[in-house]
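Have the viewer open as you read along.

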Amino acid sequence: MFLIDFVVNKAQQCLKFKDIYDEDYFISTLEKNVRVVDKIPGYLMERYDNNMTNVHNFRVKAWAPVQYYRDAVLPRLLEERVIRISPFANRLSFDVPPAVQRLRCLANYEALRFSNPILTMGETLVARMKEHSASHGGKYVSVHLRFEEDMVAFSCCVFDGGEQEAKDMKAARERGWKGKFTKPGRTIRPGAIRLNGKCPLTPLEVGLMLRGMGFDKNTYIYLASGKIYNSEKYMAPLLEMFPNLLTKDMLALEEELDPFRNYSSRMAAIDYTVCLHSEVFVTTQGGNFPHFLMGHRRFLYGGHSKTIRPDKRKLAMLFDNLKIEWKSFKRHMLNMRSHSDSKGFEIKRPNDSIYSFPCPDCMCHVNRTEVSRSSSAT
């Protein structure tokens, strides 16, 4: 077996890998398959004047086949002894030999575990959620809500249609994506975006959807989210419909969250842990967070996790139908929930991601019915 020294990627919001994950556990879990180091030996870096930018970087196309790594990357690695691959996400096809897929499963579902501070904080909030929901057997619903200002701005959707919203969104787009949305010839059609199911759901829409699906006002909900845009206005109806709604800021003391507060990745990791242990997980927008979480929950619960993935195209049509009666709306929502529940156990299709669909590739020899401390990671 050819042994490759793999350096843990540390560049993310000035955080090191070990600030998010348990680095020692990651290295030890993979040690029989891949040698992982957190620093390239000096005798190798001397060839590059100790400057990483002098190391050859492969810009690998997304979803590249294994053959590309054998034919193009490996020869250069053997020659140079050190290479870089950047960007690194999604650089390997899902159609790979079983041995490679097994290693991918090991890395994603076994080797990755959140660092102790994150894991401890997340488990503390899980315990508090179960304590709050003791009257419901410690069961709660987690909802991943993406209605932060940057998400609302990037979507180019229109919500209340007021002057202040337009002003806020214009400023947010310019801050985050200078010039991207004002290029000559670019046409933005909010109505078409909404009908295509691409607009983030508002807190009100999430509340109506959940009530229509049969979750009553006594349901305990954990809301995983960043700072909600215009939260005082938009969160009011959701809190009225679900008074037992809690967030990490409500469950934790201010000083408990202070070490994590300035890093969105660490705050998201805490949310991830609480969602992982919920009875039902509701996703309202695409992205890595819900996709990885769905796969992780399937892996842990033997494929039988309860996840609600609403049909947002259908939701847009229903919400925009001002003549629809509650009885009819509720029937549609119950059907949508039933469809999600019936797909709790899903087999990975050829082009599906194992990160969302771990069965059968990552689960054929593994029985995960109990959630353990060591598995609380992304």
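## The sheet

How many bridges join strand E6 to E7? There are two, and these strands run parallel. Keep in mind as you look that this is a predicted model. You can find E6 at residues 221-224, and one of its residues, tyrosine 222, has leucine 246 of E7 as its bridge partner.

Stepping back, E6 and E7 belong to an open sheet of five strands, ordered E7-E6-E5-E8-E9, with parallel pairing. Its edges are strand E7 (245-246) and strand E9 (306-308), each of which pairs on one side only. Helix H15, residues 264-276, packs on this sheet and touches strand E5 (141-144), E6 and strand E8 (280-283). The directions of H15 and E6 make an angle of about 150 degrees.

Next, the cavities. Rolling a probe the size of a water molecule over the atoms shows where empty space is left. In this structure there are two cavities of 30 Å³ or more, and the largest cavity holds about 50 Å³ of space.

Which residues line the largest cavity? They are Arg194, Gly197, Cys199, Pro200, Leu201, Glu205, Lys312, Leu315, Ala316 and Phe319. Helix H17 (residues 312-319) gives the largest share of this lining, with four residues. By class, the lining has six nonpolar residues, one polar residue and three charged residues.

Across the protein chain the mean pLDDT is 90, and 91% of the residues reach 70 or more. Where pLDDT is low, the predicted coordinates should not be read in detail.

Where does pLDDT stay under 50? One such stretch is residues 1-13, for which the model has 32 contacts beyond four places in sequence. Another is residues 366-374, with 20 contacts beyond four places in sequence.

Definitions and conventions:
Residues are numbered from 1 along each chain as its sequence is written. This is a predicted model: local features need pLDDT of at least 70, side-chain atom pairs count only at pLDDT 80 or more; totals for chains, interfaces and linings use all residues. Side-chain values use heavy atoms; hydrogens and water are left out. On a 1 Å grid over the protein atoms alone, a cavity is a set of points where a 1.4 Å probe fits but cannot get out, and a pocket is an open set with protein on both sides within 12 Å along at least five of seven lines; lining residues have an atom within 4 Å of a point. Grid points are joined across faces, edges and corners, and a volume is the space filled by probe spheres set on the points. Ala, Val, Leu, Ile, Met, Phe, Trp, Tyr, Cys and Pro count as nonpolar, Asp, Glu, Lys and Arg as charged, and the others, Gly among them, as polar. Two strands pair if DSSP finds at least two bridges between them. Contact means heavy atoms within 4.5 Å. Axes are lines fitted to C-alpha atoms, for helices over the stretch in contact, and angles run from 0 to 180 degrees between N-to-C directions. pLDDT is the predictor's confidence in each residue, from 0 to 100.
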